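Reader: I would like to learn how to read ring contacts in a model. Please show me the structure, then take me through the cases.

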Amino acid sequence: MKQISMTAEKIAEIVQGSVCGDPQRQITGVSGIKDAAENQLSFVGNKRYEELLDSSKAGIVLVCKDLANVSTENRSLIICENVDYAFAKVTAIFAEEPPAAIPGIHPSAVVAPTAKIGENVSIGANAVIEADAVIADNTVIGALCYIGHEVEIGADTILYPHVTVMYRCKVGAKCIIHPGVVIGADGFGFVPGPQGLVKVPQTGIVVIGNDVEIGANTTIDRARFGKTVIKDNVKIDDQVMVAHNVVVGESSILVAQAGIAGSAELGRGVILAGKAGVNGHITIGDGCQVAGTSAVMKSLPPGQIVLGAPAESQRDFLGRLALPKKVQKLDAKIKELEAKIKELSK
Amino acid sequence: MKQISMTAEKIAEIVQGSVCGDPQRQITGVSGIKDAAENQLSFVGNKRYEELLDSSKAGIVLVCKDLANVSTENRSLIICENVDYAFAKVTAIFAEEPPAAIPGIHPSAVVAPTAKIGENVSIGANAVIEADAVIADNTVIGALCYIGHEVEIGADTILYPHVTVMYRCKVGAKCIIHPGVVIGADGFGFVPGPQGLVKVPQTGIVVIGNDVEIGANTTIDRARFGKTVIKDNVKIDDQVMVAHNVVVGESSILVAQAGIAGSAELGRGVILAGKAGVNGHITIGDGCQVAGTSAVMKSLPPGQIVLGAPAESQRDFLGRLALPKKVQKLDAKIKELEAKIKELSK
Amino acid sequence: MKQISMTAEKIAEIVQGSVCGDPQRQITGVSGIKDAAENQLSFVGNKRYEELLDSSKAGIVLVCKDLANVSTENRSLIICENVDYAFAKVTAIFAEEPPAAIPGIHPSAVVAPTAKIGENVSIGANAVIEADAVIADNTVIGALCYIGHEVEIGADTILYPHVTVMYRCKVGAKCIIHPGVVIGADGFGFVPGPQGLVKVPQTGIVVIGNDVEIGANTTIDRARFGKTVIKDNVKIDDQVMVAHNVVVGESSILVAQAGIAGSAELGRGVILAGKAGVNGHITIGDGCQVAGTSAVMKSLPPGQIVLGAPAESQRDFLGRLALPKKVQKLDAKIKELEAKIKELSK
C-alpha cells in the first residue's frame with residue numbers, strides 16, 4: 001500500500017457516492033470486510049452480508065443503498081450505485097504499483113533483425129522474437145516470452161513472462177496475457193487413414209481482439225483453416241482451453257478450467273463458469289450463462305441459464321436434484337395405497 | 001494459402017475420388033463449407049449437413065457417396081471414400097508452410113558439452129540442453145525448451161518452444177510436442193509418516209513412443225519406479241494430465257483436459273473425450289470410449305462406451321437422464337389409483 | 001537403480017519391521033508387485049491384493065500384518081506397521097539420484113544486481129531474477145525460471161525449470177515447485193462499469209508456507225488485496241487452479257486438475273480428489289474429503305466426506321445413484337396395485 005490517507009468526503013467524490021456519518025474520517029488503505037482495521041476502507045455490496053458489516057472494524061465502508069441505515073458509530077458509510085466498481089476504483093488509488101517495465105530491448109533477448117518493434121516497447125530478458133514479428137507501440141513483452149514468425153501484437157498490450165504466441169497469430173491492443181499462456185498451438189485434428197491416424201494440417205491462425213485478458217496457462221489453439229477468434233473485451237481466467245476454430249463473442253467471460261471444443265461459437269456476453277464445458281460445432285446464444293462443471297451438449301438460444309452435465313434449464317436441473325425426495329414421497333403414497341387396498345379386499 | 005490453382009480432375013486423382021460436374025473447374029484454396037467462395041474447395045462428409053452444401057458457394061466440394069446426386073450447377077463434386085482424409089490431403093497442398101526451423105544450434109542456446117546432437121538438428125534461441133542428453137537426427141528443439149540430463153529425443157521429432165523434458169525421460173521419433181508441455185515432473189505420491197506427509201521418491205521415467213502428438217500445457221508425470229508409458233501413435237490434446245505409472249495403449253486419443261490417475265492402464269485405440277477422468281489402478285480395455293466430462297471409476301472390458309460420473313453404459317445413462325419424466329408418469333398413475341380407490345371405498 | 005544389494009534382515013532394521021522367511025535373502029532393487037523379479041523388493045499394503053502377492057516373483061515383499069501368514073517359499077516377507085512409508089524409505093535407498101544442481105549462477109542467467117542471493121544457491125541457465133528478489137541459502141532455481149521483483153524464496157527450496165513467480169510473492173523453505181507452475185498471476189476480477197467490464201486491480205500477493213510441493217502447470221493467483229495463502233505441508237498435484245484470496249490449510253492435499261474459486265477457505269488436512277471443484281467464498285472444514293469430479297457449492301463443517309455435483313453426503317450420493325432401480329421397483333409395485341384394483345372393481 002502507498003503511504004497516503006484520504007477522507008470519506010474525498011472518496012465519496014471519487015466514487016460519486018454520498019457519505020453517512022463523519023465525512024472527515026480518514027483511512028490509509030483498503031481490505032476485505034473481515035480483516036479491515038479502523039484505518040482501512042472496505043465494502044459490502046449485498047444486504048445478505050449485513051452481519052459482516054456489523055462486526056467489521058473498517059473505518060469507512062462502501063455500501064449499497066439497502067444498507068444506508070446501518071449504524072455509523074465508529075465508521076462512516078459511503079452509499080454507492082455500484083459498490084464493486086467503486087471499491088475497484090479506491091483499491092487502484094491505494095495499491096502499490098506493479099514494478100514498471102523498462103522500455104527497450106534487454107541485451108539478452110534474441111530479436112530477429114526483420115522483426116518490427118514499435119516505440120516505447122519493453123522486451124524482457126531472454127525473450128525470443130522471431131522474423132517478421134510486429135510489436136506495436138508501448139507494448140511489454142515479458143522475460144522468456146516466445147513471439148513466433150509474423151506474429152502481430154497490438155499497442156499497449158502486456159505479455160507477462162513465459163507467454164508463447166505461435167507463428168502468424170494476432171493479438172490486439174490493450175490486452176493482458178498472463179504467464180504460461182499458449183496462443184496458436186495446433187488444433188487437435190486427426191482422421192483415420194489407411195495406416196492409422198493421420199494429422200489434419202492446422203493451417204489457420206488465432207486472432208485476439210482488443211482489451212482481452214487471458215489467465216495463466218490458458219491455451220487457445222490455431223484454426224484448422226481460417227481463424228480461431230477471441231473478440232474484443234473477452235476476459236479469460238487461468239487454465240481455460242479454447243479449441244481450433246472456436247469463436248468467442250464480445251465481452252464474454254470464461255472462468256478457470258472451462259473448455260470449448262472445436263468450432264463452437266459463443267455469442268456476446270456469454271459466461272462459462274469454472275470447469276464448464278462446451279461441445280464442438282454448437283452455438284451458444286448471446287448472454288447465455290453456463291454453471292460451473294456443466295457440460296453444454298446442444299446449441300442454446302440467447303439468454304439461457306443452464307446447469308448440469310448434460311446441461312439443462314435451471315427448472316429441470318432443480319427438478320432432477322429433488323428427485324430422491326420425490327421418489328421417497330411416491331414410495332410412501334404407494335404404501336398407503338397398498339394398505340387401503342388390503343383393507344378394501346377384506 | 002499458397003498462390004496455386006488446381007482442377008477438380010487433378011484433385012480427384014490425388015484423393016482417389018471421382019468427379020461429378022465440370023472436371024476443369026479450378027480452385028485456389030480451401031475453406032469451411034459455410035465460408036467457402038467460388039474459387040475455394042470445401043467438404044461435406046455426412047448427409048445430415050446437406051443443407052450446408054446446398055447454400056454453399058464453394059467451387060468444388062468433396063462429398064461422401066450419399067451426396068453424389070446433389071446438383072452440380074455452379075460447382076463440381078468429388079465423391080470420396082473417406083472425405084475427412086481427402087480434405088486433410090488437399091488442405092496440406094494449399095496450406096502455407098509453417099516457418100522452417102533453421103538447422104544448427106542458435107548461439108544463445110546453452111548446450112552441455114556432453115550432450116550428443118545428431119545431424120541436421122535445429123536448437124532454438126535460449127534453449128537449454130543438459131549433460132548427456134541425446135538428440136537424434138533432424139529433430140527440432142524449439143526456442144526456450146529445457147531438455148534435462150540424459151534425456152533421449154528420437155529422430156524427426158519437433159518440440160515447439162517452451163517444452164520441458166525432465167532428466168532421463170525418452171521421447172520417440174516423429175513426435176510433435178506443443179508449447180508448455182511438461183514431461184517427467186514428479187508423480188504425486190506421499191505417505192503419512194510419523195511427522196506428517198512424507199514424499200515418495202519418484203525414481204522412474206516417462207517413455208513416449210513414435211508418432212505421438214502432445215498438446216499445449218499437457219503434463220505427463222514420471223513413474224514412482226519403472227516408467228509411465230505413452231505408446232506409438234497416441235494423440236494427446238491440450239491440458240491433459242497423465243499421472244505416474246500410467247500406460248496409454250497404441251493409437252489412443254486423449255482429448256483436452258482429460259485426466260488419468262496413477263497406475264491406470266489404457267488399451268489400444270481408447271478414446272477419452274474432453275474433460276473425461278479415469279480412476280487410478282484400473283484397466284480400460286481396447287477400443288473403449290469415454291464421453292466428455294465422464295469419470296470412469298472401475299475397470300472396463302474392451303469395446304465399452306461409457307458416460308456419466310460415475311461412468312455407466314449408454315443404456316443406463318440414458319435411463320438415468322429420463323428419470324424425471326418416468327417419475328412424473330408414476331406420480332400421475334398413483335393419482336389415478338388414488339382416485340379409483342376413493343371411488344371403490346364409497 | 002544404484003549397484004547395491006541388501007539383505008531382508010538389514011532392510012527390516014531400516015523399516016523397523018520383522019522378517020518371515022530367510023533373513024539373508026538379498027535384493028538389488030525395488031519394483032511394483034506385478035513386475036518385480038527374484039532379485040527385487042516389492043510391497044503389498046492391503047489384504048485384498050493377496051492374489052498379486054501369490055503370483056509375484058519378488059524376492060522380498062513388505063507386507064501388512066494381515067498378510068503375515070503368506071507362504072515364504074522363494075521369498076522373504078517383512079511385516080511393517082506402515083507399508084507405504086516403509087516402501088518409500090527402501091525406494092529412496094535404491095533410487096538413482098536425480099542429477100545434482102551445480103551451485104553458482106550460470107553465466108547465461110540474468111540476475112539483477114539488487115537481487116540478494118544466499119549461499120550455496122544454484123541458478124540455472126537462462127533463468128531471470130528481477131530486482132530486489134531474495135533467494136535464501138541452498139535453494140535451486142532451475143533453468144529458464146522467472147523470479148519477479150521483490151520475490152522471496154526460502155532456504156532449501158527447489159524450483160524446477162520454467163517456473164514463474166510474479167512480483168512480491170513469497171515461497172517458503174524446503175518447497176518443491178515443478179515445471180510450468182505460475183505463482184502470482186493476477187486474480188480474475190472484473191466489475192461491470194459504465195463502458196463494459198473494468199479490471200479490478202489485483203494488488204495482493206501469494207504466500208506459500210514451508211514443505212509445500214506444487215505440481216507441473218499448476219496456477220496460484222495473487223490476491224485482490226492481502227494474500228492468497230498456501231500453508232505449511234500442503235501438497236498440490238499438476239494442473240490445479242487456486243484462485244485469488246483462497247486459503248489452503250496445513251497438510252491439505254489437492255489432486256490433479258482440482259480447482260478452488262476465489263476467497264474459499266480450506267481447513268487443515270482437507271483432500272480434494274482429482275478434478276474436484278470448490279465454489280468461491282465458502283469454507284471447507286478441517287479433514288473434509290471431496291471425491292473426484294465433485295463440485296462443492298456450500299460450506300462444509302469439519303470431517304465431511306462429499307461426492308457429486310453439487311456435492312452431497314455419501315449416503316445421499318449413493319441414494320441418488322440407486323434411483324433408477326428404486327423407480328423401477330415403484331413401477332412394478334404400481335402395476336401390481338393396478339391389477340389388484342382392477343380385480344376389486346369387478
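Author: Start with a charge over a ring: NZ of Lys or CZ of Arg within 6 Å of the ring centre and within 35 degrees of the ring normal. Here the charged end of R222(C) lies over the ring of Y167(C), 3.8 Å from its centre. In chain B, R222(B) sits over Y167(B), also at 3.8 Å from the ring centre.

Reader: What do the numbers rest on?

Author: This is a predicted model, in which local features need pLDDT of at least 70 and side-chain atom pairs pLDDT 80 or more, while totals for chains, interfaces and linings use all residues. Residues are numbered from 1 along each chain as its sequence is written, chains are lettered from A and ligands numbered from 1 in the order written, and side-chain values use heavy atoms, without hydrogens and water.

Reader: How many aromatic pairs are there over all chains?

Author: Rings of Phe, Tyr and Trp (its six-membered ring) pair if their centres lie within 6.5 Å; planes under 30 degrees apart are stacked, over 60 edge-to-face, the rest tilted. The whole structure has 9 such pairs. F43(A) and F87(A) are stacked because their centres are 4.2 Å apart and their planes at 25°.

Reader: Are F43(A) and F87(A) buried or exposed?

Author: Buried means under 20% relative accessible area, exposed over 50%, partly exposed in between (1.4 Å probe, protein chains only). F43(A) is buried at 18%, and F87(A) is buried at 0%. F87(A) also pairs edge-to-face with F225(C), at 5.4 Å between centres and 80° between planes.
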